[in-house]
Amino acid sequence: MFSYAIAFLVALTAAALLIPPIRLWAAAHDLFDVPGGRKVHSQAVPRLGGVAIAVGFYLGVAVAVLLPLGSVPGASAHDVRAILVGGAILVAAGVVDDVMGLAPLIKLLAQLLAAVVAAALGLSLHVLAFPWGTMELGIMSLPLTVIWIVAVVNAINLIDGLDGLAAGVVLIALVAFFVIAPNHASVTLVVGAAAGAALGFLVYNLHPASIIMGDAGSMLLGFVTAAVGIAISSPGSGFVPIYVPMVVLALPLGDMAWAVLRRSLGGRSIFVADAGHVHHRLLRGGLSQREVVVLLHLVAAVFAAIGVLLGRLA
């Protein structure tokens with residue numbers, strides 16, 4: 001079964017090769033992420049790295065599915081179609097936001113649309129598993145699926161505040177999901193492509209970053225991560241409880257939950273960005289950017305390891 005390896009290598013190569021020309025194009029069109037406020041860059045950094053991530057991801061999946069060597073049963077399953085279509089919606093919205101800017105409400109509507117479309121195409125939570133048994137969701141399937149997808153998308157978007165942080169957190173989560181469900185052809189195919197694209201981008205995004213992923217990249221990676229979490233917790237794919245992907249993603253989900261609570265208690269809109277995230281606090285505590293990123297990657301790896309253990313015990 002070489003599909004995931006092909007997807008990984010194609011996505012990694014495509015993303016890595018695309019970054020330099022995209023970086024030049026973004027700079028030529030004055031598409032920079034400018035320092036100031038919650039931005040911790042010391043100088044302006046080109047945006048649109050998410051375009052390379054997206055092209056690498058979709059190309060990796062396409063090549064792995066089309067080549068006879070990479071084709072495997074299940075590679076065209078409904079969850080892959082749902083991920084590709086839902087992800088495309090968020091890439092489109094993200095590119096518009098990175099180029100022209102979108103109101104937070106519009107981005108939220110795009111996320112809701114992507115989640116509903118994915119659910120309509122068959123990628124949804126139908127059963128919640130607990131140590132004492134399972135519970136059919138029934139009419140709650142759609143709202144809980146949408147909530148999960150939107151939550152993870154925003155969690156990855158919010159933790160994308162330091163060079164290499166979000167891409168590394170996503171890579172760690174994807175590796176954990178691969179270990180949890182190694183025999184699920186559709187999952188491994190998507191994981192391989194997403195991990196390759198993220199790694200190809202990460203080479204250029206480590207501190208000091210020469211490009212950032214922008215919302216196009218963070219929303220796509222967040223969506224794919226959320227979707228894979230659903231896929232591995234659905235009957236017929238090994239069926240780990242949904243709390244397993246929740247544990248794997250505990251760092252970004254916890255940071256997002258704290259941000260919502262913090263802003264709500266402070267009487268501010270939850271859509272208004274601030275500098276109160278965990279990485280901002282660690283920076284104010286005296287750590288360097290690289291030290292914060294390494295520390296948070298270690299924390300993410302610990303949660304991922306716990307998730308893998310829970311998945312094996314489930």
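Tutor: Buried means under 20% relative accessible area, exposed means over 50%, and partly exposed lies in between. Please keep in mind that this is a predicted model.

Student: How does leucine 112 count by relative accessibility?

Tutor: Leucine 112 has a relative accessibility of 31%, so it counts as partly exposed. This leucine 112 belongs to helix 4, residues 104-120. Together with Leu105, Ile106 and Leu109, Leu112 forms a nonpolar patch on the surface, with about 340 Å² of accessible area in total.

Student: How many salt bridges does the structure hold?

Tutor: Side chains of opposite charge can pair when their charged atoms come close. The structure holds five salt bridges. One of them joins lysine 107 to aspartate 215, with the closest N and O atoms 2.7 Å apart. This pair links distant parts of the chain, for lysine 107 is in helix 4 and aspartate 215 in helix 8 (residues 214-232), 108 residues apart.

Student: Why does lysine 107 count as buried?

Tutor: Lysine 107 counts as buried because its relative accessibility is 19%, and the cut-off is under 20%. Aspartate 215, at 12%, therefore counts as buried as well.

Student: Which residues are linked in a network of salt bridges?

Tutor: The network links Arg262, Arg263, Arg268 and Asp274. Aspartate 274 meets arginine 263 at 3.2 Å, N to O, and arginine 268 at 3.5 Å, N to O. Aspartate 274 is buried, with a relative accessible area of 10%, whereas arginine 268 is partly exposed at 39%.

Definitions and conventions:
Residues numbered from 1 in each chain as written. Predicted model: local features only at pLDDT ≥ 70, side-chain atom pairs only at ≥ 80, totals over all residues. Heavy atoms only, no water. Patch = residues over 30% accessible without salt bridge, like charges linked within 9 Å, V, L, I, M, F, W, Y side chains within 5 Å. Areas by Shrake-Rupley, 256 points an atom, 1.4 Å probe, with all protein chains shown as cover. Salt bridge = Lys/Arg side-chain N within 4 Å of Asp/Glu carboxyl O. Helix = DSSP H or I, 4+ residues; strand = E, 2+ residues; numbered from the N terminus. Buried < 20%, exposed > 50% of the residue type's maximum accessible area, 1.4 Å probe, protein only.
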